[in-house]
Amino acid sequence: MNKKIATGTAVMAICISLSVSFVAAGDDDWWGDKDRGYGERSATVAAVMNKTYETECGACHFAYQPGFLPVRSWVKMMGNLEDHFGDNATLDAVTSKEILDYLSNNAADRKNQRFSRSILRSIPQETTPLRITETRFFTGEHHELPKRLVRDNPKVRSFSNCQSCHTQAAKGDFNEHRVVVPGFGRWDD
Amino acid sequence: MKRIAITFALLLLAQPAMASDVIEELLNSYRAEGAAAFDGKRGKTMWQEQHQQPQLGKAVSCASCHGTDLTQRGSHIKTGKLIEPLAVRTNAGRLTDPVKIEKWFGRNCHWTYGRACTAQEKGDFLLFIQNY
């Protein structure tokens, strides 16, 4: 009898400690540093998987992962490519549809990823942001960066130039421990 | 024997287009549109010509994004994104896809000049880039 209780207690203890450590891992910030034990560290946002999107949009700017913005943002963006932040970026109908489908199917509100959830939470329901850099999540993560590191840095120039500092950005990895600011070196706060 | 012949034929088909062939083909189509003799020097001059762009509030040229040395990478004037070199001798993939060439003439002429390029201008640009 006592043995049974002892075994039961031990099993309980293991269960509790396992769930506690699970919660602790979940409590870590979304950069996923606690994922280390699972082999390859997970990306912070799903990588780009559509060649057409990468070729067409990625020609002029970093091919932002669709998980950065909600569906409504991508719909609005693709509906007005004649004035794409001041540039004409029109595409033929077939290409445009393929890209919109891809963006929509992988948007922040379609993918259950920690990073996308954080972005989504920072966007008020009634707004439809077109610039990732204007989401509260983005500004919160970058507010401490002085101008000389980004806008006034000839090797960076713009916050939209993700991969110039986030060395693994193309893989969907925006982990701050892998940030290297050109001309300034590692950035890790 | 037949199999070897077929393999050979497939290999030939798989060969990427040569820049010189693609350019010749495009130049011919520009001639058909009424262009006169092409001149790479004129292309070079146009490359650096500044055009006021109202949207940006400043003057821009092809070099604004592609740079003045075509063997080097350029960077997009607004986004800062790196653009691979245009010179065929440092970037063998350049000028090998007529559809891509036309597409970028379409986009970039509108961006820089605010209008489409003429057949003459496109030919001059192509020669300039090819012989860089």
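**Close-up views of a predicted two-chain model**

Along its sequence, chain A runs α-α-α-α-α-α-β-β. The model is predicted, so local features need pLDDT of at least 70 and side-chain atom pairs count only at pLDDT 80 or more, while totals for chains, interfaces and linings use all residues. Residues are numbered from 1 along each chain as its sequence is written, chains are lettered from A and ligands numbered from 1 in the order in which they are written, and side-chain values use heavy atoms, with hydrogens and water left out.

**View 1. Chain A has 6 helices and 2 strands.** Helices (H or I, at least four residues) and strands (E, at least two) are DSSP runs, numbered from the N terminus. Of the 189 residues of chain A, 39% are buried, where buried means under 20% relative accessible area, exposed over 50%, and partly exposed in between (1.4 Å probe, protein chains only). Chain A exposes about 11,200 Å², with carbon and sulfur atoms supplying 58% of it; accessible areas come from the Shrake-Rupley method with a 1.4 Å probe, and for residues only the protein chains shown count as cover. Among contacts (heavy atoms within 4.5 Å) in chain A between residues at least 6 apart in sequence, 58% join residues at least 24 apart.

**View 2. E56(A) lies in helix 2 (residues 51-58) of chain A.** The relative accessibility of E56(A) is 16%, so this residue counts as buried. Its side chain makes a polar contact with the side chain of K103(B), at 2.6 Å. A polar contact is a pair of N or O atoms within 3.5 Å; within protein, one must be able to donate a hydrogen and the other to accept it, and residues adjacent in sequence count only if both atoms are side-chain atoms. Not counting residues up to four places away in sequence, E56(A) touches L91(A), T95(A) and I99(A), together with K103(B) and R107(B).

**View 3. Chain B comprises 6 helices and 4 strands.** Their order along the sequence is α-α-α-β-β-α-β-β-α-α. Of the 132 residues of chain B, 42% count as buried. Chain B exposes about 7,800 Å², and carbon and sulfur atoms supply 58% of it.

**View 4. L27(B) lies in helix 2 (residues 19-32) of chain B.** L27(B) has a relative accessible area of 4% and is therefore buried. Leaving aside neighbours within four places in sequence, L27(B) is in contact with F38(B), G123(B), L126(B) and L127(B). The C-alpha atoms of L27(B) and Q120(B) are separated by 9.0 Å, although these residues are 93 residues apart along the chain.

**View 5. Helix 3 (residues 40-48) of chain B packs against helix 6 of chain B at an angle of about 95°, with the axes 7 Å apart.** Axes are lines fitted to C-alpha atoms, for helices over the stretch in contact, and angles run from 0 to 180 degrees between N-to-C directions. The two helices are therefore roughly perpendicular (65 to 115 degrees; under 35 counts as roughly parallel, over 145 as roughly antiparallel and the rest as oblique). Helix 3 of chain B contributes residues including R42(B), M46(B) and W47(B), and helix 6 of chain B residues including D124(B), F125(B) and F128(B).

**View 6. The axes of helix 5 (residues 98-113) of chain B and helix 6 (residues 119-130) of chain B come within 12 Å and cross at roughly 110°.** I101(B), E102(B), F105(B) and Y113(B) of helix 5 of chain B meet E121(B), K122(B), F125(B) and L126(B) of helix 6 of chain B.
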